[in-house]
Amino acid sequence: MILAPHFRKQWPEAPHDFFAVEAAGLRWLASAGAAAVVSVLDVGATEITVARLDQAPPTRAAAEAFGTALAGTHRAGADAFGAPPDGWDGDGYIGRQRLSFRPERQWGRFYAEQRMLPYARTARDLGHLTAQQLRVIERIAERIAAGEFDDARRPARIHGDLWSGNLISTADGMVLIDPAAHGGHGITDLAMLALFGAPHLDIILAAYAEAAELPLGWRTLIGLHQLHPLLVHAVSHGPSYGSEAAAIALHYL
């Protein structure tokens, strides 16, 4: 019996592994011992129960602390780009869409083949991305896969779906919920926060950049890392996101 204050999220038609991989991701992020992560209390085939979070207005101090802590979570690392949370065997989800977890040594190949092209082609099939827009996405994906934007940073332990709705402000600081956790590039988490906005975003980014020792000019890469969430949304939310993804991709060609 669960006695602690809790929040239960349910989906009666959930795939059998939907909530299990979410729980695995939460525990993996928490094991980094850096950014605060909501505690998993119980998980079943059609629901997950986590500790209840009492929301409070976000503060500048909490934002700075979170940026620094997120760098620590990323620094805990992953076995490879695309690697699943420790102990998990199989793919995951972003929202309700499948998310591939196939370990890859090179970030560019992983990002192009697992995070961009599958969603771009599905969006095209749905009529949410035109053939011309798909060609633009495929052109930049080819350059990314070839390693043109790779760097020496090792795989980070990322949240993977870090929009502001998955970052809860409490009296004790900012807390992560609802991840699509895997091995990725740290800028990917920052890019999603920047795409959809977050309280005190500039403070979070500055604190993270200092703690992670990001190189000068790192902000110019945010658009590349926004291509994945935009293409995911092109599948689920329509052609406006496909158009935005194609427009951003053009900037890098």
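Student: Quick one to start: which residue stands opposite V40 in strand 4?
Tutor: V50 does. Keep in mind that this is a predicted model, where local features need pLDDT of at least 70 and side-chain atom pairs count only at pLDDT 80 or more, while totals for chains, interfaces and linings use all residues. Numbering runs from 1 along each chain as its sequence is written, and side-chain values use heavy atoms, with hydrogens and water left out.

Student: And what's the bridge partner of V43 in strand 4?
Tutor: That's I48. Strands here are DSSP runs of E with at least two residues, helices are runs of H or I with at least four residues, and both are numbered from the N terminus.

Student: How many bridges join strand 3 to strand 4, and which way do they run?
Tutor: There are 3 bridges, and strand 3 runs antiparallel to strand 4 (residues 47–51). Two strands count as paired if DSSP finds at least two bridges between them. Strands 3 and 4 form a hairpin, with 3 residues between them.

Student: How does strand 8 connect to strand 9?
Tutor: Through a hairpin of 2 residues. The two run antiparallel, and 4 bridges join strand 8 to strand 9 (residues 173–176). L167 has L176 as its bridge partner, and S169 stands opposite M174.

Student: Are the faces of strand 8 (residues 167–170) covered or open?
Tutor: Both are covered: L167 and S169 on one side and I168 and T170 on the other are all buried. Buried means under 20% relative accessible area, exposed means over 50%, and partly exposed is in between, using a 1.4 Å probe and protein chains only. In a regular strand, side chains alternate between the two faces of the sheet.

Student: Back to S169, what is it in contact with?
Tutor: Leaving aside neighbours within four places in sequence, S169 is in contact with D54, Q55, A56, P57, P58 and M174. Contact means heavy atoms within 4.5 Å. S169 counts as buried, at 9% relative accessibility.

Student: OK, the core. Which residues touch the most other members of the largest nonpolar core?
Tutor: F66, M116, I140, I144 and L227, out of 83 residues. Such a core is a set of buried Ala, Val, Leu, Ile, Met, Phe, Trp, Tyr and Cys residues joined through side-chain atoms within 4.5 Å. Helix 3 (residues 107–126) gives the most to this core, with 9 residues.

Student: What does M116 touch, beyond four places in sequence?
Tutor: M116 is in contact with Y111, I137, I140, A141, I144, L227 and L231.

Student: At what angle do helix 2 and helix 5 pack?
Tutor: Helix 2 (residues 60–75) and helix 5 (residues 186–196) pack at about 145 degrees, with axes 10 Å apart. The axes are lines fitted to C-alpha atoms over the stretch in contact, and angles run from 0 to 180 degrees between N-to-C directions. F66, L70 and H74 of helix 2 make the contact with G186, D189, L190 and L193 of helix 5.
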